[in-house]
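Visitor: Hi! Could you walk me through this one? I'd like to start with the terms.

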Amino acid sequence: MIRISSQQIFSSGISRLQDLNASLQQTSQQVSTGKRVNQPSDDPVAAARILKLDQEVARIEQFQRNAGLAENRLQQEENAISSMLDVVQRVRELTVQAGNGALTPSDRQSIASELRERLDQLATLGNARDASGEYIFSGFQGEVPAFGKNISGNWVYQGDEGQRKLELDEGVTVPISDHGKGLFVDIASADRTFFAEAGGDNVSGARISTGMVVDQDLYNQFYDSNGGVDLEVRFVANGGSPSGLDYEVVTREQPPTTVATGNFISGESIQFEGIQFEIHGIPDVNDTFDIKTSERQGMFTSIEKLIYGLENQAKGRARATVTNFAPTGGKLYINGLSVPQGGAGAVFTGTETNADLRDLINNHTELAEQGITASIENGNVVIRSGGQDLNISAQDPDPKVPPWPDYTGALQVTGAKAEDLDLGAAPPVTSANYQGGNEAYDALVADSLVNMDNIQESLISTQTEIGGRLNSVETTSVFLEDSSVYTKDIRSQLQDVDYAEAISNLTFQSFVLQAAQQSFAQVSRLSLFDRL
């Protein structure tokens with residue numbers, strides 16, 4: 001016989017009711033949350049897998065946010081470059097227009113004015129910002145404008161050479177920026193050029209112009225002869241100079257070599273070895289200006305030099321003034337053509353006057369074909385080109401066999417680019433070049449067109465790279481989306497509740513709990529005292 005006490009009956013009934021109620025509450029929670037596993041105890045194995053899947057979903061979502069950010073950043077950069085290409089194309093059109101020989105100085109000034117507007121427009125695009133307010137082309141220095149004006153008013157790059165990248169997936173990164181130095185500054189130049197800038201320690205506020213190369217051959221020769229050493233303009237006190245200063249151009253090496261000297265006059269062109277620039281203002285005696293040679297030239301500098309040429313390089317015929325002419329024999333050579341015209345036997349006799357030299361030049365059939373003429377002005381013979389440069393030499397620049405005779409006697413011809421022809425100098429200067437504005441101006445336009453093409457090529461190349469990056473971002477985004485759907489589907493199978501089953505269980509468990517409660521109520525009323 002088994003004896004069951006009333007205490008056992010009550011304890012067993014209450015325990016059963018609690019278990020049924022707990023199951024009902026668990027099912028009710030599953031229905032309300034939509035999740036089968038709400039705590040690890042519901043299904044420890046599934047809970048562990050769900051935790052890992054949650055981490056995977058979070059990782060994918062972070063990569064998706066990175067992909068969205070990369071796409072936005074690259075699209076902004078692409079839009080800026082696309083707008084720049086439109087502006088550069090307009091600059092190129094203006095450059096072609098500037099080469100029109102029928103333009104007046106006023107026309108060239110008008111072109112220069114529009115070029116300045118286009119230059120400012122390019123600077124605005126170069127300082128474009130992303131959605132977070134950072135400058136796109138500044139490298140890692142997103143808070144610093146990519147381009148700003150230096151003391152001379154020229155646009156210079158202010159960022160660094162950093163390239164930002166974002167991780168789009170495990171082992172997959174994509175660049176989301178291009179620094180302005182590589183994109184807009186390090187561009188191949190049509191020929192060797194130079195950059196002029198004020199020294200960092202200058203205190204006077206004096207400015208140096210962008211300048212231009214006025215004789216490429218002479219500049220190349222100078223560059224090769226001095227090994228490509230950069231130059232420095234410095235100043236020394238001179239009470240006899242109008243400004244109280246003289247300038248010296250020296251090489252930046254130890255010991256320095258002096259290249260050019262002269263009285264300093266604010267705004268007056270300093271020209272030597274085929275280059276020209278101006279310094280405006282009165283420098284301090286300790287101020288310096290750097291002249292750096294390079295075979296690369298940035299977008300802004302190319303346009304600034306074109307503007308400088310339009311505003312400062314006058315078009316005209318080369319002019320050489322013969323201030324001392326007293327031949328004793330031989331020949332004079334103008335652009336390689338001998339005067340007097342004829343073979344080795346046609347030479348000066350020693351009796352020729354300035355008028356004779358004028359007539360010999362004007363009656364020279366080959367010189368006439370080049371448009372070279374001569375006239376007498378203020379008692380001197382003035383030789384003018386047809387637009388090209390003039391080379392006047394006392395020696396045959398193209399030696400023949402047997403050799404033609406060199407000029408002998410007194411000869412001085414002024415107005416040269418560098419040293420004047422002067423047989424009386426020590427040592428004698430036997431040959432000199434005389435600049436015609438047309439050649440320098442035409443060379444500027446031709447070089448500027450090449451530079452514009454190089455700029456467009458750089459922009460288009462980067463634009464193509466950006467297109468490739470956007471394709472990579474799009475492909476990775478599709479993969480991430482597929483991975484996200486797959487991962488969430490597996491997690492759903494483990495975590496999400498089957499509502500039909502859960503509601504059915506809830507109904508059944510409610511019924512069982514209700515029956516148990518009613519049964520317990522009946523049993524709890526039974527007592528041995530009822531049998532007495």
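Guide: Happy to. Buried means under 20% relative accessible area, exposed means over 50%, and partly exposed is in between, using a 1.4 Å probe and protein chains only. Helices (H or I, at least four residues) and strands (E, at least two) are DSSP runs, numbered from the N terminus.

Visitor: And what sort of model is this?

Guide: This is a predicted model, where local features need pLDDT of at least 70 and side-chain atom pairs count only at pLDDT 80 or more, while totals for chains, interfaces and linings use all residues. Residues are numbered from 1 along each chain as its sequence is written, and side-chain values use heavy atoms, with hydrogens and water left out.

Visitor: Great. Which residues of helix α7 are buried?

Guide: In α7, residues 354–362, they are N354, L357 and I361. They line one face of the helix, because they fall within an arc of 60 degrees seen down the axis of α7. That arc is taken from the directions from the helix axis to the C-beta atoms.

Visitor: What covers them?

Guide: The cover includes β14 (319–329), β15 (332–334), β16 (337–339), α8 (365–369), β17 (373–377) and β18 (380–384). Contact here means heavy atoms within 4.5 Å.

Visitor: Let's stay with α8. What does E366 touch there?

Guide: E366 lies in helix α8 and touches L337 and Q341, not counting residues up to four places away in sequence. The C-alpha atoms of E366 and L337 are separated by 7.5 Å, though the two are 29 residues apart along the chain.

Visitor: New topic. In what order do the strands of the open sheet run?

Guide: The order is β5-β13-β8-β9-β10, five strands with antiparallel pairing. Two strands pair if DSSP finds at least two bridges between them. β5 (188–198) and β10 (258–263) stand at the edges with a single partner strand each, so one side of each has no neighbour in the sheet.

Visitor: How many bridges join β5 to β13?

Guide: Seven, and β13 covers residues 288–296. As one example, E197 has D290 in β13 as its bridge partner.

Visitor: Last one: where is T210?

Guide: T210 sits in the loop between β6 (207–208) and β7 (212–213). At 10% relative accessibility, T210 counts as buried. Leaving aside neighbours within four places in sequence, T210 is in contact with N154, F194, A196, E304, K305 and Y308.
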